[in-house]
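Subject: Structure for you to look at

Hello,

Please find the structure below. My notes on it follow.

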Amino acid sequence: MMGGTTRFTGVLSLAAVLALACGGAGGGGAAATTTTGEDLVIGVPMSITGSQSKEGALAKQGYDMWLQWINQQGGINVKSVKHKVQLKYEDDTSKADISAQLTQKLITEEKAQFLLGPYGSATTASDAVVAEKNSIPMVEGNGAAQAIFSQGYKYVFGVLSPANVYLTGVLDMAATLSPKPATVAMLAADDNFSQEVAKAVTEYAPSKGFQIVYSDKYPNGSTNLSGLVANAKARNPDIVLNSGHLQEAIAIHKAAKDLKLDAKLSAYSVGPSTPDYIVALGKDANYVFDGSQWTPQVKYTPAFYLTVQDYVASYKKQFNTQDDPDYHVAESTAACLALQKAIENAGSLKPDKVRDALAALNVTTFFGQIKFDSRGINTFKPMVVEQIQDGKHHTVWPSSVADTKPQYPTPSWSNR
Amino acid sequence: MQLFLQQVVLGLLIGGVYVAVAIGFSLVWGILNIVNLAHGALVIVGAYLTWLLFARARLDPFLALPIVAVALFAFGYALQRALINRVIRAPLFFTLLLTFGVNLVIVNALLVIFKSDFRSVTPGYSGSGFGIAGVQVPYIRLAALGVAVVVAVAVGWLLNRTRTGAAIQAVGADRDAARLVGIDLRHVYALTFAVAAACAGVAGGLISTIQAITPTAGEPYTLQAFVVVVLGGLGRVGATVVGGLVFGMVETLGQTMVPGLGAGWANAIAFAILVLVLVVRPQGLMGRIA
């Protein structure tokens with residue numbers, strides 16, 4: 001099918017050239033605005049199968065949304081030549097080493113001119129090495145560990161907010177609440193990303209007047225965290241924070257109920273924003289906060305592409321679903337938008353020109369502001385804080401983009 | 001002191017889950033001499049069946065356990081009869097390879113059917129419990145420990161008090177002699193594996209009520225079952241019960257009560273104890289010297 005598209009556009013562009021030539025001969029060449037160039041090939045290693053296939057499927061939806069839209073527009077406009085886009089996916093089975101091999105294959109065999117990132121910090125980190133080695137720009141929206149961006153890479157750009165701000169927004173919000181919470185228990189998984197989130201919290205909390213009364217880390221993927229929750233309970237914290245993943249966020253919340261740990265505020269870095277979290281915990285999921293890259297309620301004024309409302313509607317239509325797009329979808333689409341805008345700004349398909357345009361990019365999209373710092377990560381977009389209220393996600397912070405107020409303090413387990 | 005007691009209680013309760021998981025694993029290893037790497041996958045099949053019955057038929061997870069046990073019994077019997085019997089006399093390496101393959105097939109079949117969404121069985125009484133002197137005891141975990149003990153007693157009774165159990169033990173002791181006295185080896189192999197699969201299914205049902213499950217969630221349980229069996233000693237149900245409870249206790253206390261260490265050391269502590277047992281008491285805490 002892809003081959004067919006290529007041939008078809010080939011014929012089209014030939015026809016366009018002929019038409020132009022005839023027009024020129026006729027002497028009437030008035031408004032020959034855009035022509036169609038060769039298809040642009042973008043390589044995407046992705047977790048189609050394996051342990052992260054759920055998140056990988058969401059990221060792929062985000063890419064496919066942009067793909068459909070850009071090709072409906074006739075393609076990416078490079079100095080009045082429109083290039084239709086092909087996304088070449090390779091299934092990395094959620095494994096970092098395989099992802100890196102496939103990235104190289106995409107570049108050498110599939111002739112990918114640019115790359116979009118895979119799902120997850122570990123795979124992104126290993127693919128970044130390959131992108132850099134081949135001087136192929138890679139724009140990613142699903143790897144937030146700062147370790148990816150501390151290697152001095154020049155060709156790797158991340159549109160999402162880095163790990164260190166995942167939970168600091170929650171602390172900013174907590175400082176405005178009444179009665180103001182004072183003590184924090186911090187649990188964290190031992191992987192790179194989660195440790196960055198936790199380290200930022202322990203450094204930031206004192207500056208907002210919070211005292212860390214308990215902090216510990218556990219092996220990534222733990223399902224039995226009751227012991228740690230019992231330890232946290234013994235310190236009687238006002239705020240319970242977890243920096244980990246969906247599985248651990250569920251385990252900690254279940255243990256908190258088992259052991260009657262009554263915190264005024266519970267916030268988990270990853271997990272509560274997914275529909276699975278609410279399904280798994282039912283009404284116990286209420287009152288839980290999380291830091292999110294994006295929510296369907298945010299209010300940004302985009303310079304191009306869709307508005308937030310149109311994006312949500314378009315998602316539901318394209319994938320025939322009642323679910324809202326979650327942030328994995330949105331950040332993936334945002335990665336495509338950054339790449340598109342940079343190519344248009346560069347007016348060139350040369351990797352080094354596009355790389356320079358990415359480094360200089362500053363644009364607001366439905367996802368928020370996209371602008372990269374000197375390391376290549378987007379430190380300009382704020383994280384938003386979500387809360388589950390009556391089984392639904394609501395955006396509660398910052399108040400400029402929120403759709404409702406935070407419900408605080410959380411009632412004790414015996415009163416809910 | 002209160003915190004210490006709380007941690008001991010939590011250790012015993014999670015130990016109950018480890019007992020439930022390890023009983024079937026121990027049976028297959030002890031009798032068939034197969035280290036079943038697909039055991040964790042069978043556990044998760046049981047967990048998904050429990051979830052299906054809960055989500056679709058609103059059946060209480062504890063009432064679903066007998067149904068899950070029967071289903072896994074049938075599945076285990078067929079699996080052994082059709083597949084694993086073929087390598088039963090082959091070197092250990094082949095059985096490892098085959099059960100590893102079975103594990104991959106089951107996990108990926110679950111991924112295709114259920115996707116990698118997180119599922120959890122959350123009945124109305126989830127999270128409720130009672131407290132004694134500030135020590136919280138959640139009902140679900142207590143019931144899980146109770147079920148594990150019942151399963152252990154039932155398997156012990158089956159092995160030691162019935163003709164079928166005598167046949168299973170005879171096969172475990174000496175295959176050729178068992179055949180000489182007229183025991184149908186292929187049937188007894190399949191029966192043993194079926195009982196183990198049923199136990200795995202029950203363990204999975206318990207797990208679905210206390211953690212979120214995904215198709216890949218079973219793999220750590222295979223490893224834990226291995227450690228529990230080595231710790232307790234191979235071949236006796238009582239030894240597995242002791243091994244599971246000790247492992248649960250060591251893991252929880254190691255995670256939380258050792259000053260200077262954190263939960264990150266839990267695995268290191270558990271495996272250090274495993275190595276220690278292998279060096280000092282290679283037959284396990286409760287094992288007999290062969």
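A residue is called buried if 20 or more other C-beta atoms lie within 10 Å of its own, exposed if 12 or fewer do, and partly exposed in between, with C-beta atoms placed from the backbone. Q7(B) has 22 C-beta neighbours inside 10 Å and therefore counts as buried.

This is a predicted model, in which local features need pLDDT of at least 70 and side-chain atom pairs count only at pLDDT 80 or more, while totals for chains, interfaces and linings use all residues. Residues are numbered from 1 along each chain as its sequence is written, and chains are lettered from A and ligands numbered from 1 in the order in which they are written.

Q7(B) is part of helix α1 of chain B; helices (H or I, at least four residues) and strands (E, at least two) are DSSP runs, numbered from the N terminus. Two residues are in contact if their C-beta atoms, placed from the backbone, lie within 7 Å. Setting aside neighbours within four places in sequence, Q7(B) is in contact with G227(A) and A230(A), and also with T252(B), L253(B), T256(B) and M257(B).

Between the two chains, 30 residues of chain A are in contact with 29 residues of chain B. On the chain A side, α2 (53-72), β10 (211-218), α7 (226-234), α8 (246-258) and α9 (275-281) each supply at least two residues. The largest share, seven residues, comes from α8(A). By class, that side of chain A has eleven nonpolar, nine polar and ten charged residues. Here Ala, Val, Leu, Ile, Met, Phe, Trp, Tyr, Cys and Pro count as nonpolar, Asp, Glu, Lys and Arg as charged, and the others, Gly among them, as polar.

Within chain B, helix α1 (residues 2-32) packs against helix α5 (residues 139-161) at an angle of about 30°, with the axes 8 Å apart. Axes are lines fitted to C-alpha atoms, for helices over the stretch in contact, and angles run from 0 to 180 degrees between N-to-C directions. α1(B) is therefore roughly parallel to α5(B) (under 35 degrees; over 145 is roughly antiparallel, 65 to 115 roughly perpendicular, the rest oblique).

Chain A has an assignment of domain 1 (35-161 + 298-371) and domain 2 (165-292 + 385-415); such bounds come from an automatic or database domain assignment. The C-alpha centres of these domains of chain A lie 30 Å apart. Eleven residues of domain 1 of chain A are in contact with ten of domain 2 of chain A.

Regards
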